[in-house]
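I opened the notebook to record what I looked up in this entry. The notes follow the order in which I went through them.

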Amino acid sequence: MGERTHLVEFEYMVLGRHHYLSQSAARPRGSTLERSAYILLSRIRIQGPMSIGELSEAFNLDASTLNRQTAAMTRAGLVERIADPDGGMARKFRLTDEGDRRLDEEREAHVEALDRVMADWSAQDVTAFAAYLRRFNTDIEHLDGRPWPRP
């Protein structure tokens, strides 16, 4: 696979430099959330309420980093701390109504940006690209041991 893998590596590197869809300085029109909040809120929405320990395991981040991020999201009214719905000792974070609303707005801004990027693509090309991205991500998750729950 050598040469083909080099082609993938190059395009992956180039994708990482594009600021159009991911960086705070050039987020999609209508974007209101920091990238880290967008990702954390997305995970909590899919998985349900999560503790700092669960977030740490899911993202392979230390608790101090997550404490800062969740504190900022709590101050912004995006998440709230609740007792563990399953009766555990750790308190968990869940999205507030404002967090749900802002996440929906952010996701729509990203979808609109992607629509502009892929405006000339056929429906089959978009579907195939999504399938390849999913396969790429799930293979990484398999190797990393941290699967991302999907709706």
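Is N137 buried, partly exposed or exposed? The model is a predicted one, and I looked this residue up before anything else. N137 has a relative accessible area of 34%. The cut-offs are under 20% for buried and over 50% for exposed, so N137 is partly exposed. I located N137 in helix 6. I also checked its distance to P147, which is 10 residues away along the chain. The C-alpha atoms of N137 and P147 are separated by 8.9 Å.

Entry on the fold. I counted six helices and two strands in the protein chain. Read along the sequence, I get the pattern α-α-α-α-β-β-α-α.

The protein chain has 151 residues, and I find 26% of them buried.

Entry on the nonpolar patch. Which residues form the nonpolar patch on the surface? I list V8, Y12, L15, F136 and I140, with about 490 Å² of accessible area together. Helix 1 (2–17) and helix 6 (123–144) each supply at least two residues of the patch. The largest share, three residues, comes from helix 1. I picked out L15, which lies in helix 1. L15 has a relative accessibility of 54%, so I noted this residue as exposed.

I stopped at N60, where phi is near 55°. This is a positive value in a residue other than glycine. I noted the value because most residues other than glycine have a negative phi. Where does N60 sit? I placed N60 in the loop between helix 3 (52–59) and helix 4 (63–75). The relative accessibility of N60 is 54%, and therefore I count this residue as exposed.

Definitions and conventions: Residues are numbered from 1 along each chain as its sequence is written. This is a predicted model: local features need pLDDT of at least 70, side-chain atom pairs count only at pLDDT 80 or more; totals for chains, interfaces and linings use all residues. Side-chain values use heavy atoms; hydrogens and water are left out. Helices (H or I, at least four residues) and strands (E, at least two) are DSSP runs, numbered from the N terminus. Buried means under 20% relative accessible area, exposed over 50%, partly exposed in between (1.4 Å probe, protein chains only). Patches are made of residues with over 30% relative accessible area and no salt bridge: like charges are joined within 9 Å, nonpolar side chains (Val, Leu, Ile, Met, Phe, Trp, Tyr) within 5 Å. Accessible areas come from the Shrake-Rupley method with a 1.4 Å probe; for residues, only the protein chains shown count as cover. A salt bridge is a side-chain nitrogen of Lys or Arg within 4 Å of a carboxyl oxygen of Asp or Glu.
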